[in-house]
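Dear colleague,

I am passing on the structure below, followed by some notes on what I found when going through it. Please read them with the coordinates open beside you.

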Amino acid sequence: MKYNFIKKTFLYLLVTIIINIVVINIYSQINPNYTITPNSECIENDTINNVILAGNKDNNNLVSSYSNIDHMNNFTRSAALVTPAVVYIETIINNDDNKNNYSNIPFEDFFEDFFNKSSPMSSIKQKKEQKAGGSGVIISKDGYIVTNHHVINNASKIIITLENKQSIEAEIVGIDLSTDLALLKIDLDNLIYVKYGNSDNIRIGEWVLAIGNPFNLRSTVTAGIISATSRSLGILMASRDRSSAIESFIQTDAAINSGNSGGALVNIYGELIGINTAIVTKTGTYEGYGFAVPVNIVKKVVDDLLKYGIVQRGFIGIKFIEINSEFAKKKKISNIDGLYVDEVILNSGAFEAGIQSGDIITHFDGIKITGTGQLMSLVCLKHPGDTIKITLIRINKNIILPVVIKNSDNIAKIEKLPERFKLIGISIRALTNEEKQLYRTLNGVYVLSIAENSPLNRFTQITKGFIIIEVNNNKVNNSTSFLRSLDDNNGKYHLIKGFYPDQPGLYTFSFPLEN
């Protein structure tokens with residue numbers, strides 16, 4: 001009896017071993033990348049590991065065949081690479097520092113609709129101190145962080161919390177309203193950061209991960225695909241001059257919600273391809289349509305802020321209309337590809353190149369133009385002084401014209417932020433069209449911050465939220481005109497004129513620019 005039991009047990013074990021050997025042999029024939037290791041883990045071969053973990057590989061062929069890649073393993077690898085470099089951003093907004101500013105935040109109405117019906121600013125009237133949360137992406141080991149401008153807008157203090165729960169205050173290096181981006185800096189080193197990808201090489205249908213802090217759920221990872229590229233939603237254009245707003249979003253169906261703003265959109269290699277910015281929703285939460293600023297635009301904005309102190313925004317000087325069948329029929333146009341030139345700005349690069357109203361732009365530096373967002377992003381990546389080639393159709397003839405890129409003041413050169421601007425210790429931005437109407441002013445700049453040790457802080461009562469309309473008796477509209485007005489004065493003291501949105505009258509302050 002005991003002998004029969006032992007015999008049956010031995011036979012069962014023998015059969016089990018034989019079946020396992022057969023199954024493993026069959027699977028190894030199907031999947032040659034499967035390897036048995038000493039700790040019995042399934043791993044891929046070294047070639048695939050090198051492709052995925054390289055991170056800083058040549059981006060000329062960013063998207064390759066996925067036929068030999070295990071997507072689920074790549075999701076986990078990508079998430080492991082990027083999650084430590086995505087931070088939680090907490091902003092503290094003091095009501096005392098922002099009197100009446102709750103009524104004129106440029107993006108508030110739009111991002112209430114795009115993210116959540118309860119805006120971070122909705123209760124600022126009732127609370128002296130308001131807190132809001134968002135996400136950011138570490139892009140360098142020495143602590144530079146990219147996020148959305150609307151995440152840190154009007155913040156009196158910005159607290160960064162790393163994945164290891166360490167918290168540290170950040171300072172604003174610069175902002176760019178045209179793309180809704182902001183660059184922050186924290187005083188830490190040897191940080192894990194995300195490597196840049198190449199958004200020019202992304203493909204519709206490519207797998208992506210969105211990483212951020214939705215609803216205060218830290219380090220949340222969602223997956224989806226790229227649904228479309230070069231999307232223009234109109235959210236930035238509505239609050240900015242149409243000629244300066246840059247909308248060429250990557251559309252994805254990876255779940256994005258309130259708190260994801262400023263977070264990372266990455267490919268399966270763990271490379272940053274976009275900064276998550278907005279969603280289209282009727283409910284206030286994710287409904288399948290998320291949008292991110294392409295990383296190539298992010299890189300350009302960051303590089304300009306670090307190198308020049310201000311973003312070098314390029315303009316060609318045309319107002320255009322997208323062509324559809326109805327418009328083509330009305331204008332008797334046979335080709336519906338490209339963009340119709342509706343108006344050419346006087347003394348612009350397009351004007352000097354000979355582009356005319358009624359021309360149809362088909363190519364930009366040899367790249368076929370398919371829509372408004374694409375052309376805006378291509379121009380955005382250029383600097384004032386660059387020369388590009390515009391291909392257009394005029395009276396059924398193809399014409400190629402060289403166009404010199406200029407800035408918003410029709411100047412074809414880069415204007416670097418001088419040292420004396422840094423000495424002042426002020427951070428400013430241009431007023432939006434909405435703010436100009438609200439404040440009943442034709443020009444002006446909004447004061448974002450004043451450094452504690454700056455002459456402005458010591459000698460004037462200028463604070464965050466002050467609107468500067470004149471510097472040394474010259475009208476100012478942006479950083480460029482602000483700088484020129486400083487340079488025009490040879491005296492020891494500088495004059496600044498402006499107003500507080502919540503107080504009547506104009507104020508004039510004088511201050512010395514100390515070395």
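Nine salt bridges are counted, a salt bridge being a side-chain nitrogen of Lys or Arg within 4 Å of a carboxyl oxygen of Asp or Glu. Please keep in mind that this is a predicted model, in which local features need pLDDT of at least 70 and side-chain atom pairs count only at pLDDT 80 or more, while totals for chains, interfaces and linings use all residues. Residues are numbered from 1 along each chain as its sequence is written, and side-chain values use heavy atoms, with hydrogens and water left out.

One of these bridges joins the side chains of Arg313 and Asp176, at 2.4 Å from N to O. Arg313 sits in the loop between helix 6 and strand 16 (318-322), whereas Asp176 belongs to strand 7 (residues 167-176), so the pair ties together parts that are 137 residues apart in sequence; helices (H or I, at least four residues) and strands (E, at least two) are DSSP runs, numbered from the N terminus. Arg313 is buried, with a relative accessible area of 9%, and Asp176 is buried as well, at 7%, where buried means under 20% relative accessible area, exposed over 50%, and partly exposed in between (1.4 Å probe, protein chains only).

Another bridge is formed by the side chains of Glu343 and Lys319, at 3.9 Å from N to O. This pair links strand 17 (residues 339-344), which holds Glu343, with strand 16, which holds Lys319, 24 residues apart. Glu343 is partly exposed at 36% relative accessibility, and Lys319 is partly exposed with a relative accessible area of 45%.

The side chains of Lys368 and Asp337 also meet in a salt bridge, at 3.9 Å from N to O. Since Lys368 lies in strand 19 (residues 367-368) and Asp337 in the loop between helix 7 (325-331) and strand 17, the pair ties together parts that are 31 residues apart in sequence. Lys368 counts as partly exposed at 46% relative accessibility, and Asp337 counts as partly exposed at 37%.

Turning to helix 6, this element covers residues 295-307, and its 13 residues reach 18 Å from the first C-alpha to the last, close to the 18 Å expected at 1.5 Å a residue (the expected span is 1.5 Å times one less than the number of residues). Its buried residues include Val295, Ile297, Val301 and Leu305. Just after helix 6, Gly309 takes a positive phi of about 90°.
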